[in-house]
Structure formats: C-alpha cells, structure tokens
Amino acid sequence: MIFTSFASGSSGNCTFIESNNTKILIDCGISAKRIDESLKEIGYKDGVTCLDAVFITHEHSDHIKGLKRLMASYGIPVYSSQGTLGSLFKATRDEYFHYAGVELMHVVSEGREINIKGLKIIPFRTFHDSAMSLCYRVEDGVHCAAVTTDTGYFDDYLRDMLLDLDVLLLEANHDRSMLVNGKYPVYLKRRIMSREGHLSNNSAGSLLSEIISPRLKYVILGHLSRDNNTPSLAFNTVMEEITQRCGSERAGNLSLSIAPPDGMSELIRL
C-alpha cells in the first residue's frame with residue numbers, strides 16, 4: 001500500500017492511496033492540475049487518468065475543488081453519502097452536478113463496504129456541520145489505512161473504526177489557546193470548538209492514545225489551521241498526550257509527521 005497527502009488544510013485536502021494497482025483519492029480539494037502533477041511526481045506517469053475513484057468526505061469547497069474536472073474531463077467516478085452528493089449543486093452552484101455528473105455519482109452508506117478492484121473501502125460517519133459527513137477506512141487484505149478529518153469530536157464508534165490500522169491521517173486542527181485568544185469572531189470560534197467543528201491538538205492526541213497499537217506505525221497530522229495552530233505545536237501537543245497516557249516507549253515507536261497545507265506529505269510505502 002502507498003499512502004500520501006497531496007494537501008491538507010483549510011485551503012484544500014486530498015489524500016492518495018494505492019494498493020494492488022487500485023488507485024483512489026479521498027477528497028480532491030485542490031485543482032485537477034495539481035493532482036495530476038502530484039501523481040506524476042511520485043511515479044504515476046499517466047497522472048489523473050490512472051485513478052479508479054474519488055471518495056468525498058463532504059461538500060465543503062476545500063474537499064471538492066477539483067471534483068468537476070476529474071469527473072467531466074476524465075470520467076472518474078465519485079463516491080459519497082447521499083447527503084453530500086445531493087449538496088454538490090448547492091455548494092458549487094454548478095448545474096453539472098444536477099445533470100451530466102449524476103451518471104458518475106455513487107451513493108455509499110455508513111458501515112457498508114465498497115469494493116473497487118479488490119480494494120475495500122468502509123465509510124464511517126463523522127461529526128461536522130455538513131450534509132452527511134463521512135470518513136473512510138481502506139483495506140487491501142494485508143494493510144489498513146484511514147483518513148479522519150473534519151470531525152468535532154470522537155465517540156466509541158469512531159474510535160473503533162480506527163483500530164488495527166497501519167497508517168492514519170488524523171485531523172489536528174487547532175491549538176485551543178491560540179483559537180480562544182485569536183482574531184476569529186466569536187461565532188466562528190464556537191463553531192470550530194463545537195461538536196460539529198474540528199478536532200483540537202489535545203483531542204487528536206487523546207484519540208490516538210485510545211487506538212495506538214504496535215501495528216500503527218505511521219500517523220500524519222492534517223488539516224492544521226494556518227491561524228490557530230503551528231506544526232510544532234500540533235506535533236508536541238499530540239506527543240505529550242500520547243506520552244502521558246501511554247508511556248514514552250509507545251510514543252517513541254510511532255512515526256508522527258505533519259501534512260503540509262500546500263504540498264505533499266511523506267510518501268508511505270507499506
């Protein structure tokens with residue numbers, strides 16, 4: 001399995017996963033051109049034409065920016081919840097998603113697996129202020145990965161969907177103190193910190209402490225706020241949470257990195 005983030009942040013999110021010659025994106029919140037260039041940079045000479053499917057978490061613009069081009073120009077199918085697919089027109093005001101694009105849209109349901117050329121994708125719900133937000137667990141029979149962003153909090157169900165992973169991209173959106181004391185208006189601060197907002201650094205560390213195992217080798221922290229977080233704060237806070245809850249040995253065995261907002265993360269090969 002190959003796993004990398006092409007971008008992760010409020011300006012765009014896009015994760016690439018390949019296994020057994022099946023290639024998918026989870027979200028495409030950057031341009032199709034950037035996705036094409038990123039694929040070629042890591043050795044996929046055919047660029048976006050090599051993709052088998054795109055899975056969308058929700059309809060916010062930083063997750064769907066390149067979607068129409070991938071569908072209309074390259075015929076790449078898109079999978080998401082009924083609520084998300086039904087909200088694409090409202091989110092974009094583009095009639096393509098009401099008419100021609102419908103043929104490429106496939107509805108997925110929470111907990112019901114989808115098989116794309118032998119790659120198993122399992123959607124699971126998250127808590128975010130969108131129509132019907134999902135995240136995804138991806139299994140190839142040997143390795144298992146997940147992408148979990150844009151969730152205001154986690155419960156036992158979400159935690160259980162993240163057990164027994166090899167690699168995880170996990171939201172660490174904000175430092176609570178920076179957000180509270182920052183320049184955002186009060187209503188926006190409340191939204192971000194709400195149950196339908198985004199995970200803080202501390203919450204990300206707490207969640208990781210509950211799912212950490214010898215199998216989980218790689219965690220990439222993503223969707224960091226430009227205004228209310230820094231890579232060093234996210235890294236240090238999460239590591240402190242894990243160390244306090246699980247001990248320094250377990251924390252030391254975890255490869256923890258940060259997904260850049262405008263560039264590629266480390267390329268993980270399992």
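I began at Arg159, which is partly exposed with a relative accessible area of 21%; on this scale buried means under 20% relative accessible area, exposed over 50%, and partly exposed in between, with a 1.4 Å probe and protein chains only. I noted that this is a predicted model, in which local features need pLDDT of at least 70 and side-chain atom pairs count only at pLDDT 80 or more, while totals for chains, interfaces and linings use all residues. Residues are numbered from 1 along each chain as its sequence is written, and side-chain values use heavy atoms, with hydrogens and water left out.

I then looked up the partner of Arg159 and found a salt bridge to the side chain of Glu210 (3.4 Å, N to O), a salt bridge being a side-chain nitrogen of Lys or Arg within 4 Å of a carboxyl oxygen of Asp or Glu. Glu210 sits in helix H8 and Arg159 in helix H5, 51 residues apart, where helices are DSSP runs of H or I with at least four residues, strands are runs of E with at least two, and both are numbered from the N terminus. Glu210 is partly exposed, at 36% relative accessible area.

Next I turned to H8 as a whole: nine of its 11 residues are buried, so the helix is largely enclosed by the rest of the structure. I checked Asn201 in this helix, which spans residues 201–211, and found Asn201 buried with a relative accessible area of 0%.

Last, I looked up Asp262, which forms a salt bridge with Arg226, their closest N and O atoms being 2.4 Å apart.
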